[in-house]
Amino acid sequence: METREQYARCLVLAGGGFRFAYYLGVHAAAEDCGRPPDLLLGTCGGAIAAAVIAGLPDAPARLDWVASTAMHRFLRAIRPGDNATLPRVLGGAARRWVMRTAAPRVPDLFHDYLFELPEVLPLPQAPLPDAPALAVVGGRLLFGPADVGAPRAGRALFEQVVFGPQRVATLLAGCSAPAADPRWSGGAIASLLQTETTMPIDDAVRISVADMFYFPSHASAGRHYTGGVIDLFPIELAQTLAHEVIMERKSPFNPWLALPALRAVLGLDGAARLRHVHAQQAAAWVDTRDVGRNLRSHGVGKRIDWRANRIGLAVPASHDAYVAQVRMQWDYGYRKGMAALTRARQ
């Protein structure tokens, strides 16, 4: 029978977008402080970092992987989709900002997105035998393409899912989905947390990064899934899974873009959710609220191509410039991780 014993320490890798290399620095700091996690809980871009940590033996190898030509080529190959024109992007954002109802209609997560992901995500083949356990957060769609545009009429459209080993599933059995809590949820997310133990890691990671409006939903075994944005800050899951939790203190959501998108698609009040998370207890809080300011020019981000009238991604053209960017992210994460863990010892 699979053990119900909690893990000793969980590092939550919560979001990060395509600046996910800073999580490698946070993890390296935890190792250097003698507090390595035996569980990694990843969402969105943090799921990529978690898979790299679990699949490679040490900090230099992990940094080299993220700074590799393969990862650089992958990021350079992300292309704008048909909906990435400025009028469509700005018009959609304006409509969502004006709309105040929580997820009033079934969203089109199959066709309404900005970017096309390359087919293959460059990840290590599998976690190493002595690696920390890996759990990934995603969302499962409870609707199909034929339902798009119909009134939601109070029904749940999503399930919060954790992909991981049987031990994780056993510990989370019967748990409520944190994303469905009525303090911040408008009912579009089902109340019971789901787990899956057989999802391949590369599929789980692709699911977690497939956030609405950025990338299309990901199909696997006849089901469709959306990103880890369904629960970017899964502190309750981490507390259930481990005795100690190391987590970030995150900056607020963008009130013009992110908060309306969360409300329109997932029926979530992202600001209320984040306030609740920050009020919880953790063994160490890694303060990354200044990540946007410190890494604004050192990470992949959106850019406007005025000539083409489209939204694109700003990825360094040269591999050397990309490597320098990744190292800046790693250094930032290491500094922040060391500061948090040093405070936690005092």
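Q: What kind of link joins the side chains of Asp290 and Lys336?

A: A salt bridge is a side-chain nitrogen of Lys or Arg within 4 Å of a carboxyl oxygen of Asp or Glu. The side chains of Asp290 and Lys336 meet in one, at 3.1 Å from N to O. Asp290 lies in the loop between β11 (284–287) and α11 (291–294) and Lys336 in helix α12, so the pair ties together parts that are 46 residues apart in sequence. Helices (H or I, at least four residues) and strands (E, at least two) are DSSP runs, numbered from the N terminus.

This is a predicted model, in which local features need pLDDT of at least 70 and side-chain atom pairs count only at pLDDT 80 or more, while totals for chains, interfaces and linings use all residues. Residues are numbered from 1 along each chain as its sequence is written, and side-chain values use heavy atoms, with hydrogens and water left out.

Q: Is Asp290 buried or exposed?

A: Buried means under 20% relative accessible area, exposed over 50%, and partly exposed in between (1.4 Å probe, protein chains only). Asp290 has 15% relative accessibility and counts as buried.

Q: How many salt bridges are found in the whole structure?

A: The search finds eleven. One of them joins Glu244 to Arg9, with the closest N and O atoms 2.9 Å apart. Glu244 is in strand β10 (residues 242–249) and Arg9 in strand β1 (residues 7–14), so this pair ties together parts 235 residues apart in sequence. Arg9 counts as buried at 14% relative accessibility, whereas Glu244, at 25%, counts as partly exposed. Salt bridges can also form a network, as they do for Arg9, Arg35 and Glu244.

Q: How is a pair of packed helices described?

A: Two packed helices are described by the angle between their axes and the distance between the axes. Axes are lines fitted to C-alpha atoms, for helices over the stretch in contact, and angles run from 0 to 180 degrees between N-to-C directions. For α1 (residues 21–32) and α3, the axes come within 10 Å and cross at roughly 180 degrees. The two helices are therefore roughly antiparallel; angles over 145 degrees count as such, those under 35 as roughly parallel, 65 to 115 as roughly perpendicular and the rest as oblique.

Q: Which residues make the contact between α1 and α3?

A: Contact means heavy atoms within 4.5 Å. On α1 the residues are Ala21, Leu24, His27, Ala28 and Glu31, and on α3 they are Ala59, Arg62, Leu63 and Val66. By class, six are nonpolar, one is polar and two are charged. Ala, Val, Leu, Ile, Met, Phe, Trp, Tyr, Cys and Pro count as nonpolar, Asp, Glu, Lys and Arg as charged, and the others, Gly among them, as polar. Arg62 and Glu31 also form a salt bridge, 3.5 Å from N to O.

Q: Which residues of helix α4 are buried?

A: An α-helix has 3.6 residues a turn, so residues three or four places apart point the same way. In α4 (residues 69–76), Met71, His72, Phe74 and Leu75 are buried. They cover an arc of only 160 degrees around the axis, which puts them on the same side of α4; the arc is that of the directions from the helix axis to the C-beta atoms. Their cover includes α2 (45–55), α3 (59–66) and α12 (319–345).

Q: Where does Ala103 lie?

A: Ala103 is in the loop between α5 (86–98) and β4 (115–116). Ala103 has a positive phi of about 45 degrees although it is not a glycine. Its relative accessible area is 0%, which counts as buried.
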